[in-house]
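Good morning, everyone, and thank you for making time for this. Please take a moment to look at what comes up on the screen, and then we will go through a few places together.

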Amino acid sequence: MSAAAVRARGWGWRHSGRGRFAVDGLDLDIAPGERVLLLGASGAGKSTLLRGLAGVLGGDEDGEERGELTVGDRPASRARGVAGLVLQDPDSQVVLARVGDDVAFGCENLGVAADEIWPRVGDALDAVGLRVGLEHATSALSGGQKQRLALAGALAMRPGLLLLDEPTANLDPAGVVEVRDAVIAAVAATGATLVVVEHRVDVWAAHVDRVVVLAAGGGVLADGAPDTVFRTHGDVLAEAGVWVPGRHPHPALTAAADAASPALLSTHGLAVGRRPFGAREAVVAASGIALAARAGRVLAVTGPNGVGKSTLALTVAGLLAPAAGAVVASDELRAAGRATIGPDPLRWRSRELLTRIGTVFQSPDHQLAARTVRGELQIGPRALRLPPAEVAARVDPLLEEMGMSRLAAVNPFTLSGGEKRRLTVAAALATRPRVLVLDEPTFGQDARTWEQLVRLLGDLRAAGTAIVTVTHDEALVAQLADDVVALGAAASAPGGVG
């Protein structure tokens with residue numbers, strides 16, 4: 001398929017139930033074969049624009065559109081098949097049960113000849129480094145592996161326009177480079193137009209022709225060659241929350257508790273894994289895990305994709321049974337509620353977990369349940385049967401701290417990926433748990449909201465909360481982690497083990 005041009009004239013889109021347009025007054029031209037890095041603060045409408053270009057925003061019942069948006073010589077809404085889109089949440093793009101079938105799905109829908117599909121599937125899987133076999137169950141993939149799967153499906157289609165929304169967000173550092181190189185090689189081989197949204201600016205800046213920065217209030221804040229944009233507009237972009245190479249936030253944080261601080265949760269001979277559908281036993285992802293979540297300290301869990309980090313987080317949080325060994329709560333944690341309970345978090349009822357262990361899943365969409373942002377934050381406090389005044393006293397400050405007061409009445413599912421992440425973190429905090437377990441807490445954040453989140457976690461640490469975070473964010477580990485457990489490698493930093 002030949003490279004596709006992109007054209008926007010006064011284009012805007014507003015989701016149903018939202019007061020303002022996510023994108024508005026956009027004038028933009030992208031030439032066939034051009035490589036564009038699309039930037040902007042969280043909520044500026046980057047994901048909305050990509051969905052619009054892919055023709056998947058929906059109809060009049062889903063939102064309001066104005067202006068003109070075309071791909072090639074057709075309106076974007078009628079140009080499906082020209083664009084290959086990889087979304088922020090890879091779970092939302094998994095369609096079929098087996099890896100090979102899932103990658104082949106797009107090609108089959110485009111009517112690619114059967115004898116051509118499977119060579120494309122193999123080439124795409126090799127390109128993104130997903131080497132698990134065509135028969136491998138998609139349900140058994142980690143979040144990072146699903147991200148590679150979604151990209152492989154898009155590459156196999158050989159689209160004229162490749163649209164990538166945070167394609168490396170859940171990948172380990174080696175995987176980031178591998179996937180970026182796969183994308184660049186693919187567009188070089190096919191000549192496809194590339195538009196990529198990514199907060200990891202350093203990863204892509206040297207490999208694109210142009211940087212376009214969306215303004216939060218609508219329109220374009222900056223547009224040009226990467227070096228020119230960052231040199232000329234660096235101060236303005238940083239002030240707007242855009243990640244600028246060489247300018248990383250360094251929030252002032254209170255020192256952590258001593259390494260001998262009491263362990264609120266600890267593991268003993270722990271092995272973690274998930275049980276595939278129909279299987280009697282779990283498939284072990286990691287074993288021999290010894291860690292301690294200590295009051296007033298941050299424990300970071302790192303390691304390559306697929307080694308069991310998210311599975312470990314769910315197990316430590318009392319939401320998934322260990323494959324072997326045990327997770328044990330201290331007497332102090334057991335007493336953090338209206339009644340003292342047993343030492344095994346897996347046996348605690350949901351209300352007993354609320355004040356003891358708060359959890360933020362890797363995928364925000366898996367955690368959202370209410371019709372409004374405010375309603376989402378009220379779920380936990382109401383489950384604790386707090387009086388309305390106390391619920392409001394907890395929810396209103398969280399809305400303010402997360403910069404979401406103006407979104408209080410908005411449907412959570414219409415939020416950007418970064419906004420959804422901040423909402424799920426705030427929802428976990430609303431019940432004031434003694435232990436907080438976070439899976440990729442800084443996913444999708446601009447520089448300003450990243451700093452806000454890190455400062456908030458630092459304040460929780462100073463107040464005595466034990467924090468366990470699964471992360472590939474090296475800056476988060478450097479600035480906030482007191483203890484580190486690296487799955488697939490030796491644990492490091494004092495206090496993280498045992």
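In which strand is the place of Val211? Keeping in mind that this is a predicted model, we find Val211 in strand β9, which covers residues 210-214. Val211 has a relative accessible area of 0%, and because buried means under 20%, this residue counts as buried. If we then look for Ser47, we see that it is 164 residues away from Val211 in sequence, while the two C-alpha atoms are 16 Å apart in space.

Let us turn to helix α4, which runs over residues 143-157 and so has 15 residues. From its first C-alpha to its last, α4 reaches 22 Å, close to the 21 Å expected at 1.5 Å a residue. The helix is mostly covered, with 15 of its 15 residues buried, and just after α4 comes Arg158, which takes a positive phi of about 50°.

Glu166, in the loop between β7 and α5, has a phi near 50°, and at 3% relative accessibility it counts as buried. Glu440, in the loop between β17 and α14, has a phi near 55°, and it is buried too, with a relative accessible area of 3%.

Glu65 belongs to strand β4, residues 63-71, and at 45% relative accessibility it counts as partly exposed.

How values were computed. Residues numbered from 1 in each chain as written. Predicted model: local features only at pLDDT ≥ 70, side-chain atom pairs only at ≥ 80, totals over all residues. Heavy atoms only, no water. Helix = DSSP H or I, 4+ residues; strand = E, 2+ residues; numbered from the N terminus. Buried < 20%, exposed > 50% of the residue type's maximum accessible area, 1.4 Å probe, protein only. Expected span 1.5 Å × (residues − 1).
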